[in-house]
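Biologist: I am new to this structure and would like to go through it slowly. Could we look at it together, one question at a time?

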Amino acid sequence: MDRVIKQAEEKMKKTLTALDEEFNTLRTGRASSALFDKVRVEYYGNPTPLNQVATISVPEARLVVIQPWDKSVIGEIEKAIQKSELSLNPSNDGKVIRISIPPLTEERRREYVKLAKSMAEQSRVSVRNVRRDANDELKKAEKDGEISEDDLKRAEDEVQKVTDAHIEQINARVDEKEKEILEI
């Protein structure tokens, strides 16, 4: 019984981690190295994460500086950023790439808020699916005579508490991200 609850909790924590990673790729008005987590650069014929071929730094609130370890890949990095969904225009001086993060338009901010809410809803659904699977496993254990009906009820209540706690965390994170996106 405890094993089922622990497994459910672990899966729900992974859902929260995945949501945080998705939120990191959402652009806000501020510069962040996490924006480039999903950018892949063609490096010796292989799509390689940008942070594995360059140092990404944020010296100012609206500026990102990318310094490739291998100068020959600077053009590929620039192309990868232009092709990404970030809508950013990199400029390079042969040594480093500078990216000025423009302030978001009101319309774009609203789009990002909608996207954040959609990501959060997917996470909520995922958490609820974990709850359903855990409850199914508990019901099967009760049917097989491994636990009593009272134990089943207590375990289901515990799974519900864990679910509610994770849904609250998702809601808090999406509210925080919305504030971050809408702040000017």
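Biologist: Which residue stands opposite Ile97 in β6?

Modeller: This is a predicted model, in which local features need pLDDT of at least 70, side-chain atom pairs count only at pLDDT 80 or more, and totals for chains, interfaces and linings use all residues. Residues are numbered from 1 along each chain as its sequence is written, and side-chain values use heavy atoms, with hydrogens and water left out. Helices (H or I, at least four residues) and strands (E, at least two) are DSSP runs, numbered from the N terminus. β5 and β6 (residues 97-100) run antiparallel and are joined by 3 bridges, and the residue opposite Ile97 is Asn92.

Biologist: Which strands are the edge strands of the sheet?

Modeller: The open sheet has 4 strands in the order β3-β4-β6-β5, with antiparallel pairing, where two strands pair if DSSP finds at least two bridges between them. An edge strand pairs on one side only, and this holds for β3 (54-60) and β5 (90-92).

Biologist: Are α1 and α4 roughly parallel or antiparallel to each other?

Modeller: Helix α1 (residues 2-24) and helix α4 (residues 149-182) pack with their axes 10 Å apart, at an angle of about 10°. Axes are lines fitted to C-alpha atoms, for helices over the stretch in contact, and angles run from 0 to 180 degrees between N-to-C directions. Angles under 35 degrees count as roughly parallel, over 145 as roughly antiparallel, 65 to 115 as roughly perpendicular and the rest as oblique. The two helices, α1 and α4, are therefore roughly parallel.

Biologist: How does α1 run relative to α3?

Modeller: For α1 and helix α3 (residues 106-143), the axes lie 10 Å apart and the packing angle is about 170°. That makes the direction of α1, relative to α3, roughly antiparallel.

Biologist: Which helix gives the most to the lining of the second largest pocket?

Modeller: A pocket is an open set of points on a 1 Å grid over the protein atoms alone, where a 1.4 Å probe fits, with protein on both sides within 12 Å along at least five of seven lines, and lining residues have an atom within 4 Å of a point. The second largest pocket is lined by 14 residues, with Phe23, Asn24, Thr28, Lys177 and Glu180 nearest its centre. Both α1 and α4 supply at least two residues of that lining, and the helix that gives the most, with 4 residues, is α4.
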